[in-house]
Amino acid sequence: MHGSRIVGFLATAALCLAISGGPASAEDVAEPSDYKHDNYRSPVPATLSGGTVVSTEQAHEIWQRGDTLFIDVLPLAPKPANLPEGTIWRQKKREDIPGSVWLPNVGYGRLHPAMDQWFRDHLERLTAGDRSKPVLIYCLIDCWMSWNAAKRALEYGYAEVYWYPDGTDGWTFEGHPVEERSPEVFDRP
Amino acid sequence: MRNCALSGLIFAAAALLAPATSVAGEPVWEEIKPAIFGDRAIHRSNPANIVLTTPYRSEDDREVPVAVNARFNDGRTVRAVTIVIDENPMPVSVVFRFDQPRNSIAVATRMRFNGPSPIRTIVEASDGKLYMSEGYVKTSGLGACASPPVNNPKEALASLGEMELTHPGAGTSRGQNISSLKQTARLAIRHPNLTGLQMDQITLQHIPARYISNIEVRQGEERLFTIESGIALSENPEIEFDYSLNGSGTLSVYARDTDGTEFRHDFPIGTGS
């Protein structure tokens, strides 16, 4: 490198920055044909075939309209049954988009048949059996579970499925309100 | 796989100290503290020169190296050391209780962090007073407690409870030798330490919890310490501890998991293992 070529070096450096680009964009992640089965906390695709991907702004508009069922699919493991007596167990508080329903664990790649039925039954109940009712599904940012769950809702036959990839991370970042939510209990054998 | 994750932690002079978190605004600690310590006062002064060593950023959330060193210079001894990871579902991660009066202790292990979290150690002195030091670990967000076990379950069962005890640094110029009274040992136990939060990819249900909950280490007839541990101890837990030779020539380890399964092993010491 030649000391006198300062301008040239800076120009080259700028070019290098432009070529190398920033962090991987959503377009870099292809939409798989099947559900995602592992590495759930990793960059997600920009599309969901058959569904509509929404930004925080769009999700907020939909929320204000008030006609869409909001579903949170953040996973939650049950408190183990065999803990030694006196063990302190703490469930982290979940703060959700107001009015939404928290159906944990329905975003895994494969569901146990009982869990799959539980998801179907709750959606059926919450839409009063109307498959045309719009449903919006979210979780956290960069989490495949909401993508999986939205894909699943499409396969169940729901006609208007929104996938909100930024989830509560994007929602709270924009300062929108949240409220504490308890999960629906998985009560199947 | 892990370069140095645990080895020599106790010796490490240039340890990475996590920055102290602010005293105010620790809502989780305020919530769980009464359940662990009731209304006992916990002092933030540091007469025991407590050093809690963790990386600020974890390389692998399932195996974060954590070390605690403490030394009283005022005649008091260390009765117990508790480690709490606020954001883990089982925040009380491990409790060491020392049977022999010692003015200093050094322990280290590898722990699971479920997410970014404050970590704190509370040292109980021989007069019952409690002193706390804290740090913070930024994780990659794996949700380590729910991460599937690394090892094959059949293999894990076959080697369940197998133990190894080494004296890191023995034989090196920096390390210990047989004639030195103070020794550092590393105990490794094969156990999946199932957290109960892991999803089985075959059955599609959560794998029941089964983890080592109690460990006792004796030197000859003398019990050195007991450990109560939870799901924060990593798969195939390793624990480093220091102790003073008492001439008996044997370290005996007893461990028990939440299924009630017991494991025992005697290790001759002073033979350069």
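Student: What share of the 273 residues of chain B counts as buried?

Tutor: Buried means under 20% relative accessible area, exposed means over 50%, and partly exposed lies in between (1.4 Å probe, protein chains only). In chain B, 53% of the 273 residues count as buried. This is a predicted model, where local features need pLDDT of at least 70 and side-chain atom pairs count only at pLDDT 80 or more, while totals for chains, interfaces and linings use all residues. Residues are numbered from 1 along each chain as its sequence is written, chains are lettered from A and ligands numbered from 1 in the order in which they are written, and side-chain values use heavy atoms, leaving out hydrogens and water.

Student: How many helices and strands are there in chain B?

Tutor: Helices (H or I, at least four residues) and strands (E, at least two) are DSSP runs, numbered from the N terminus. Chain B has two helices and 15 strands.

Student: How do I read the size of an interface?

Tutor: It is often given as the accessible area lost when the parts come together. Buried area is that loss on putting two parts together (1.4 Å probe), summed over both. Here chain B and chain A bury about 1800 Å² between them, with 60% of it on carbon and sulfur atoms. On the side of chain B, B:Pro89, B:Leu204 and B:His206 lose the most area to chain A, together 25% of what that side buries.

Student: How many residues does the contact take from chain B and from chain A?

Tutor: Contact means heavy atoms within 4.5 Å. Chain B gives 28 residues and chain A gives 19 residues.

Student: How many salt bridges does the rule find across the interface of chain B and chain A?

Tutor: Side chains of opposite charge can pair when their charged atoms come close. A salt bridge needs a side-chain nitrogen of Lys or Arg within 4 Å of a carboxyl oxygen of Asp or Glu. Three cross this interface. One of them joins B:Glu31 and A:Arg90 (3.3 Å, N to O). Helix α1 (residues 27-37) of chain B gives the most to the side of chain B that touches chain A, with five residues.

Student: Which parts of chain B does the salt bridge of B:Glu63 and B:Arg110 tie together?

Tutor: The N to O distance of this pair is 4.0 Å. B:Glu63 lies in the loop between β2 and β3 (64-71), and B:Arg110 in strand β6 (residues 104-111), so the pair ties together parts that are 47 residues apart in sequence. B:Glu63 is buried at 17% relative accessibility. B:Arg110 is buried too, at 2%.

Student: Is B:Asp259 buried or partly exposed?

Tutor: B:Asp259 is partly exposed, with a relative accessible area of 47%. Its side chain meets that of B:Arg210 in a salt bridge (3.3 Å, N to O). B:Arg210 is buried, at 16%.

Student: How do I read a positive phi?

Tutor: Most residues other than glycine have a negative phi. B:Asn49 has a positive phi of about 50°, although it is not a glycine. B:Asn49 sits in the loop between β1 (42-43) and β2 (51-53) of chain B. B:Asn49 is partly exposed, at 38%.

Student: How many residues of α4(A) are buried?

Tutor: Helix α4 of chain A spans residues 144-155. Of its 12 residues, 11 are buried. Among them are A:Trp144, A:Met145 and A:Leu154. Their cover includes α3 (113-126), β5 (135-138) and β6 (161-164) of chain A. Just after the helix, A:Gly157 takes a positive phi of about 105°.

Terms used: The expected span of a helix is 1.5 Å times one less than its number of residues.
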